[in-house]
Amino acid sequence: MEKEESKKLTEKSISSMKPCYMFVSKSSSILDEKISNLKKLLRNQINMDTDFNVYYAAEEINSREFLNYCNTPSFFSMRKVAVIKDIDKAGLDFLDALLDFFNENKCKSQETIIVITASKMPFSRKEQDDDKKTKTKGKKSKGKTFNELIEIISSIGIIETLNAPASSSLKKWLHEKAELDGLNFTQQSANRFIENVNFDLNLLKKEYEKINLYMISEKDKNVGVETVNRLVSRVFEMKIFDLVDFIGKRDKNNALEALKSVLYEKKSVKDAGEQPQSGKGMPGLITLLHRMFKAFLLIKTNGQKDMLLAYVRRHLGHAPYMVQRVSDNYFRFSRNYSIEEIIKIFDILNRYDVLLRTSQQDINSGLVLKFISEITDTKLPAQS
């Protein structure tokens, strides 16, 4: 029930909010997102300059200043908000001050809403052992104070543990999930992973579990590109993109190797009675090459990056972050072909488009090999 009420937080006005909310997660980005959503909710309800304060427990909050803020009525808003980040890192003095504040205000309407974040709950075994040592010295235990806080927060507010990312953004979901599981993807390995699953969130979640299971036994929790490539097969459509990139680089040997992978998967799915994920096969390759060489021509005759970005954005049909990457690739690859060669290649593309579509065989590997060789081997002197 507590979880359901917490999810309704974004639907409430400040007048109906509870005195305290506590969010616990191993992921700092999930917690930051929760606070960001709260700010969006209250943006038009309170004066954000004077009545929304954030305190960082790890930096030793001044208890007196905090209590003065909480106990001083607002001149501009119905209620105020105090956000306490990383309460699990707070010192005993501040925990005592916060506990006193709740005890003094629990029987009356609380003007200030306290929003708390924590990376863990309850304390770790080491901290509990430290508490026992503290008790033997006759001093108040930090762990005991924290448990009293949890008890009173539960009675007047809501405590929610956030164990799963809710973002529909693939990169954000991957970052949040990895942080929860103690893994670290580099920007390059994250991009590769997302591309390998062809920007499919459901497939990303499924393949992530494979990586997570593998990494459990590894001491180093950094997930590199090699690990991603070993564990997550690149989907058919992305293999086609790789093949196009090698042709753009004029790298004939790697283009032919990439083609072998494409043809092998196409044959495998056919034998299994399935369809390749792209659903396009070799005609799809022709289409992508047409787009790339048209972009090359645009670059050489115009050279304006904004026009290229617009062209890629209009024809790519993929995640937004790929637009810049593909555009950068096109700029780099365009140096490998002269205008005269590009015009000649359009003739090659048109000719093989007809041949591949009318071929009696479903997969004519020899024809495709010849097609790629003709493109990468095209050599014409540039006109001065």
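**Exercise 1. Find how much space lies in the largest cavity, and name the residues that line it.**

Solution. About 30 Å³ of space lies in the largest cavity, in a model that is predicted, with local features needing pLDDT of at least 70, side-chain atom pairs counting only at pLDDT 80 or more, and totals for chains, interfaces and linings using all residues. Residues are numbered from 1 along each chain as its sequence is written, and side-chain values use heavy atoms, without hydrogens and water. A cavity is a set of points, on a 1 Å grid over the protein atoms alone, where a 1.4 Å probe fits but cannot get out, and lining residues have an atom within 4 Å of a point; points are joined across faces, edges and corners, and the volume is the space filled by probe spheres set on them. The lining consists of Met-22, Ile-87, Ile-116, Phe-146, Leu-149, Ile-150 and Ile-153. Helix α6 (residues 142-156) gives the largest share of this lining, four residues, where helices (H or I, at least four residues) and strands (E, at least two) are DSSP runs numbered from the N terminus.

**Exercise 2. Decide whether the residues of strand β4 are buried or exposed, and find the strands that pair with β4.**

Solution. Begin with the covering: in strand β4 (residues 112-118), seven of the seven residues are buried, that is, under 20% relative accessible area with a 1.4 Å probe and protein chains only, whereas exposed means over 50% and partly exposed lies in between. Next, consider the directions: in a regular strand the side chains alternate between the two faces of the sheet. In β4, Thr-112, Ile-114, Ile-116 and Ala-118 point one way, while Ile-113, Val-115 and Thr-117 point the other way. Then look for partners, remembering that two strands pair if DSSP finds at least two bridges between them. Strand β1 (residues 20-24) pairs with β4 in the parallel sense over five bridges, and Tyr-21 stands opposite Val-115. Strand β3 also runs parallel to β4 and is joined to it by five bridges, with Lys-80 having Thr-112 as its bridge partner.

**Exercise 3. Follow the chain from β2 to β3, and state the sense in which the two strands pair.**

Solution. Strands β2 and β3 (residues 80-85) pair in the parallel sense over five bridges, and Val-83 in β3 is the bridge partner of Val-54. The chain crosses from β2 through α3 to β3 in a right-handed β-α-β crossover, which is to say that, with the strands pointing away from the viewer, the path from the first strand over the helix to the second runs clockwise. On the loop between β2 and α3 one finds Glu-59, which counts as exposed because its relative accessibility is 61%.

**Exercise 4. Describe the aromatic pair of Tyr-55 and Phe-66, and say which parts of the chain the pair ties together.**

Solution. Rings of Phe, Tyr and Trp (its six-membered ring) pair if their centres lie within 6.5 Å, and planes under 30 degrees apart count as stacked, over 60 as edge-to-face and the rest as tilted; by this rule the count comes to 12 aromatic pairs. Tyr-55 and Phe-66 are 5.1 Å apart centre to centre with 85° between the planes, an edge-to-face pair. Tyr-55 lies in strand β2 (residues 52-56) and Phe-66 in helix α3 (residues 63-71), so the pair ties together parts that are 11 residues apart in sequence. Both residues, Tyr-55 and Phe-66, are buried, and together with Tyr-69 and Phe-94 they form one aromatic cluster.

Definitions and conventions. 1 Å grid on protein atoms, 1.4 Å probe; cavity = no way out; pocket = protein on both sides within 12 Å on 5 of 7 lines; lining within 4 Å.
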